[in-house]
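Reader: I would like to learn how to read a structure, one feature at a time. Could you take me through this one?

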Amino acid sequence: MATLRQTIGATAGDGAPTGHAMRVLKAWLPSADPLGLVGIVLAVVIWWALGFVVGSAVLPSPHAVMARVGQDFWVAPMLSYYGLPKTGLFDSLTYSATNVFLSVLLGGAIGVVLGLFTARVTLARAILDPILTTVGTIPILVLAPFFLIWFGTGRWSALLLITIYVVVILYIYAQRAADNLDPVYEDSARTLGAGGWDILWGMLIPGTLPQILGGLRIALAGAWGLEAIAELLGAQRGIGKIIEVLAGSLDTEGIFACLLVLGVAAVISDMLMGALARRAMRWSADAK
């Protein structure tokens, strides 16, 4: 890796376009994790080897799954036999991703506001803590059948289910982050004449931002799984709906293709969230 970086450094000044590309690559290299790539390769090798042991009907090979992803990505004609005309993995993934991001945005906003508010208002904390703590102790999947009954099998049931999950997580993270701030900063700001809004925008939000972004990243990861499960339980669209249909016909190759697409989307969204968090926290020594 060091030799590669030295080589890049030696060739970066050959030309303007090449130099720009080399600077981008040099900026990316320190964040690359060679061990992570080794882990991915090792997982694929184990998957491929297990396919010979249990048979392709139970565990299809990585090559077969990749081929199925390419075949069904835009349009999967066989799904029309199950009442899902003119759809494919991309269309279903777009539907699922829309639900995930809308829920995380809405739930994150509500959870952060409530968490910071209750961290400074004792009466609100006394009222909301028992409610949200109780909701947090209930396995969120237990609520899924009730949401399907109350709000139907459309988008709303999945949206509300994931939103509640995100609200509870961000409420706890934001409240704990505000509690952990050293009171000396707030006392000093008030001594210097800072008002409530000055303390909120100048101290409370920047001081709690690292933990809030960490909680948001955890909530985003869990939201993908919840969305798929909510769709499995009775939605009319989405990756989970395709998995449900393919499971009925014992199409393991198609199910693995859905899981692969869903996993890749979750990993990419996590990487984007991590990059956003690093950019928002570039002033912090911990983010460097």
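Predicted model: local features only at pLDDT ≥ 70, side-chain atom pairs only at ≥ 80, totals over all residues.

Reader: How many cavities of 30 Å³ or more does a search of the whole structure find?

Author: A cavity is a set of points, on a 1 Å grid over the protein atoms alone, where a 1.4 Å probe fits but cannot get out; its lining residues have an atom within 4 Å of a point. Grid points are joined across faces, edges and corners, and a volume is the space filled by probe spheres set on the points. Here the search finds two cavities of 30 Å³ or more.

Reader: Which helices each supply at least two residues of the lining of the largest cavity?

Author: Helices are DSSP runs (H or I, at least four residues), numbered from the N terminus; strands are runs of E of at least two. Helix H4 (62-72), helix H11 (239-248) and helix H12 (252-280) each supply at least two lining residues. H12 gives the largest share, three residues. The lining includes Arg68, Asp72, Ile242, Leu246, Gly254, Ala257 and Cys258.

Reader: What is the make-up of that lining by class?

Author: Ala, Val, Leu, Ile, Met, Phe, Trp, Tyr, Cys and Pro count as nonpolar, Asp, Glu, Lys and Arg as charged, and the others, Gly among them, as polar. The lining of the largest cavity has seven nonpolar, one polar and two charged residues. For the second largest cavity, the classes are seven nonpolar, one polar and no charged residues. Its lining residues are Ala144, Phe147, Leu148, Ser157, Ala158, Leu161, Ala230 and Leu233. Helix H7 (140-151) and helix H8 (155-180) each supply at least two of that lining.

Reader: Which residues does the UniProt annotation "transmembrane region" cover?

Author: UniProt positions are given in the numbering used here, feature names are shortened, and annotations may be inferred rather than shown by experiment. The unreviewed entry marks residues 35-59, 100-119, 131-151, 158-174 and 254-276. In the model, residues 35-59 are 80% helix and 0% strand, with end C-alpha atoms 26 Å apart. For residues 131-151 the span is 90% helix and 0% strand, and the end C-alpha atoms lie 22 Å apart.

Reader: How many aromatic pairs are there?

Author: A pair of aromatic rings is described by the distance of the centres and the angle of the planes. Rings of Phe, Tyr and Trp (its six-membered ring) pair if their centres lie within 6.5 Å; planes under 30 degrees apart count as stacked, over 60 as edge-to-face and the rest as tilted. By this rule the count is ten aromatic pairs. One of them is Trp74 with Phe90, a tilted pair because the centres are 4.9 Å apart and the planes stand at 55°. This pair links distant parts of the chain, 16 residues apart: Trp74 is in the loop between H4 and helix H5 (89-120), and Phe90 is in helix H5.

Reader: Is Trp74 buried or exposed?

Author: Buried means under 20% relative accessible area, exposed over 50%, and partly exposed in between (1.4 Å probe, protein chains only). Trp74 has 58%, so Trp74 is exposed, whereas Phe90, at 39%, is partly exposed. Another pair is Phe101 with Trp224, whose centres are 6.0 Å apart and whose planes are at 90°, so the pair is edge-to-face. Phe101 in helix H5 and Trp224 in helix H10 (residues 196-232) are 123 residues apart. Phe101 is partly exposed at 37%, and Trp224 is buried at 4%. Elsewhere, Phe146, Phe147, Trp150 and Phe151 form one aromatic cluster.

Reader: What is Thr163 in contact with?

Author: Contact means heavy atoms within 4.5 Å. Leaving aside neighbours within four places in sequence, Thr163 is in contact with Ser103, Leu106 and Gly107. Thr163 lies in helix H8 and is buried, at 8% relative accessibility.

Reader: Which residue has a positive phi although it is not a glycine?

Author: Most residues other than glycine have a negative phi. Leu250 has a positive phi of about 55°. Leu250 sits in the loop between H11 and H12 and is exposed, with a relative accessible area of 73%.

Definitions and conventions: Residues numbered from 1 in each chain as written. Heavy atoms only, no water. 1 Å grid on protein atoms, 1.4 Å probe; cavity = no way out; pocket = protein on both sides within 12 Å on 5 of 7 lines; lining within 4 Å.
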